[in-house]
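This report walks through selected features of one protein model. The sequence and structure come first, and the notes follow.

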Amino acid sequence: YGRVVGDKYTDYVFNLNQFVDIHGMAVVVIYRDCRDVVASYLERVRRHWGRTPVLSAFDAPDKIAQRWLSAVSCVDRYGDRICAIRYEDFVHEPRRELVRLGRLLGVDPDGFCADLVRTNSVGSYKHRLSGEELSMVMHTAGPRMAELGYR
């Protein structure tokens with residue numbers, strides 16, 4: 001077993017209770033702007049996942065935004081026992097966030113290559129969501145997004 005293990009699978013956030021009490025395990029959750037999440041998910045459902053019943057269940061902006069709210073609620077529930085990193089902070093201040101992450105994981109943050117971090121996906125919803133889709137997202141998740149600093 002490795003000392004540091006990572007995975008991009010987002011649904012782990014719904015099972016944080018299985019991880020937070022494991023001795024020696026540091027749990028890191030990276031969350032991002034709901035609007036970008038919705039834009040990305042809709043694109044995948046429409047292009048690749050549309051025929052997968054469990055994934056196509058989230059085929060509308062409000063459904064995806066509601067799932068984002070559920071995920072953020074899980075992060076809140078375990079906030080004192082996990083390290084939550086806002087994706088946009090990581091992208092815009094990678095060195096600062098990598099230092100914080102390195103401390104948590106007990107690794108030298110200079111070993112991370114901050115030059116690989118790209119900003120092109122931040123705010124991509126602006127050209128990926130229609131006005132109606134954006135309105136649905138904001139109606140569903142806007143207040144919670146504002147609490148998290150998304151404007």
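## A nonpolar surface patch

V28, I30 and L104 make up a nonpolar patch on the surface. The model is a predicted one.

I30 sits in strand β1, residues 28–31. Its relative accessible area is 48%, so I30 is partly exposed.

## Cysteines

How many disulfides does the whole structure hold? A search finds zero. C74 is in no disulfide. The nearest cysteine sulfur belongs to C34 and is 15 Å away.

C74 is buried, at 8% relative accessible area. C113 is partly exposed, at 43% relative accessibility.

## Helix α7

Helix α7 covers residues 131–147, which is 17 residues. At 1.5 Å a residue, the helix should span 24 Å. The end C-alpha atoms of α7 are 22 Å apart, which agrees.

Where does α7 kink? The kink lies at A141, shortly before the proline P143. It is about 70°. The buried residues in α7 include E133, V137, A141, G142, R144 and M145. After α7 comes G149, with a positive phi near 90°.

## Salt bridges

Side chains of opposite charge can pair when their charged atoms come close. This structure holds 13 salt bridges.

One of them joins D36 to R32, with the closest N and O atoms 4.0 Å apart. D36 is buried, at a relative accessible area of 1%.

## Links between helices

R128 forms a salt bridge with E43. The closest N and O atoms of this pair are 3.2 Å apart. R128 lies in helix α6 (residues 125–128) and E43 in helix α1 (residues 34–49). The pair therefore ties together parts that are 85 residues apart in sequence. R128 is partly exposed, at 28% relative accessibility. E43 is partly exposed, with a relative accessible area of 33%.

D76 forms a salt bridge with R144, and here the closest N and O atoms are 2.6 Å apart. D76 is in helix α3 (residues 61–77) and R144 is in helix α7, so the bridge ties together parts 68 residues apart in sequence. R144 is buried, because its relative accessible area of 19% falls under the 20% cut-off. Salt bridges with shared partners join D76, R144 and E147 into one network.

Note on methods: Residues are numbered from 1 along each chain as its sequence is written. This is a predicted model: local features need pLDDT of at least 70, side-chain atom pairs count only at pLDDT 80 or more; totals for chains, interfaces and linings use all residues. Side-chain values use heavy atoms; hydrogens and water are left out. Patches are made of residues with over 30% relative accessible area and no salt bridge: like charges are joined within 9 Å, nonpolar side chains (Val, Leu, Ile, Met, Phe, Trp, Tyr) within 5 Å. Accessible areas come from the Shrake-Rupley method with a 1.4 Å probe; for residues, only the protein chains shown count as cover. A salt bridge is a side-chain nitrogen of Lys or Arg within 4 Å of a carboxyl oxygen of Asp or Glu. Helices (H or I, at least four residues) and strands (E, at least two) are DSSP runs, numbered from the N terminus. Buried means under 20% relative accessible area, exposed over 50%, partly exposed in between (1.4 Å probe, protein chains only). A disulfide is a pair of cysteine sulfur atoms within 2.5 Å. The expected span of a helix is 1.5 Å times one less than its number of residues. The bend at a residue is the angle between axes fitted to the seven residues ending there and the seven starting there.
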